[in-house]
Amino acid sequence: MRFAGQSAGQRVRLCAMDAHEFDYWITPAEAAELSGYHVNHLRRLVRLGHVRGRKVGPARLIERRSLLEYIAAAESSADGRRGPKNAS
């Protein structure tokens, strides 16, 4: 099946992201595993602009580097309340 304006053998780009960008973006579930935060808290951080995120189709993704920077800042904060909960 071809789409309008597509020649034979031409690939259709189904996603707004390049393949190499997938290394930089992780799902909320992966971010929760990496950070120790609950998925809902991660979504809240994205909504508030503390962590960068994007929506690709129905999926929401979180930028890995942004999350790691947030965790580092949270762990070094004076009050210590903003860091992830310990798994133990």
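Reply: The following account begins with the pocket and then turns to the elements around it.

The model is a predicted one, in which local features need pLDDT of at least 70 and side-chain atom pairs count only at pLDDT 80 or more, while totals for chains, interfaces and linings use all residues. Residues are numbered from 1 along each chain as its sequence is written, and side-chain values use heavy atoms, with hydrogens and water left out.

The largest pocket holds about 150 Å³ of space. A pocket here is an open set of points, on a 1 Å grid over the protein atoms alone, where a 1.4 Å probe fits, with protein on both sides within 12 Å along at least five of seven lines; lining residues have an atom within 4 Å of a point. The volume is the space filled by probe spheres set on the points, which are joined across faces, edges and corners.

The lining consists of Pro-28, Leu-42, Arg-43, Val-46, Arg-47, Gly-53, Arg-54, Arg-60, Leu-61 and Ile-62. By class, 5 of these residues are nonpolar, 1 is polar and 4 are charged. Nonpolar covers Ala, Val, Leu, Ile, Met, Phe, Trp, Tyr, Cys and Pro, charged covers Asp, Glu, Lys and Arg, and the others, Gly among them, are polar.

Helix H2 (39-48), strand E2 (53-56) and strand E3 (59-63) each supply at least two lining residues, and H2 gives the largest share, 4 residues. Helices (H or I, at least four residues) and strands (E, at least two) are DSSP runs, numbered from the N terminus.

E2 and E3 run antiparallel and are joined by 4 bridges; strands pair if DSSP finds at least two bridges between them. Val-56 has Ala-59 in E3 as its bridge partner. The hairpin of E2 and E3 has 2 residues between the strands, and Gly-57 takes a positive phi near 60 degrees there.

Pro-28, a lining residue, also belongs to helix H1 (residues 28-35), where Pro-28, Ala-31, Ala-32 and Ser-35 are buried, that is, under 20% relative accessible area, whereas exposed means over 50% and partly exposed in between (1.4 Å probe, protein chains only). Seen down the axis of H1, the buried residues fall within an arc of 105 degrees, so they line one face of the helix; the arc is that of the directions from the helix axis to the C-beta atoms. These buried residues pack against strand E1 (25-26), H2, E3 and H3, with contact meaning heavy atoms within 4.5 Å. The face turned away from the buried side of H1 carries the exposed residues Ala-29 and Glu-33.
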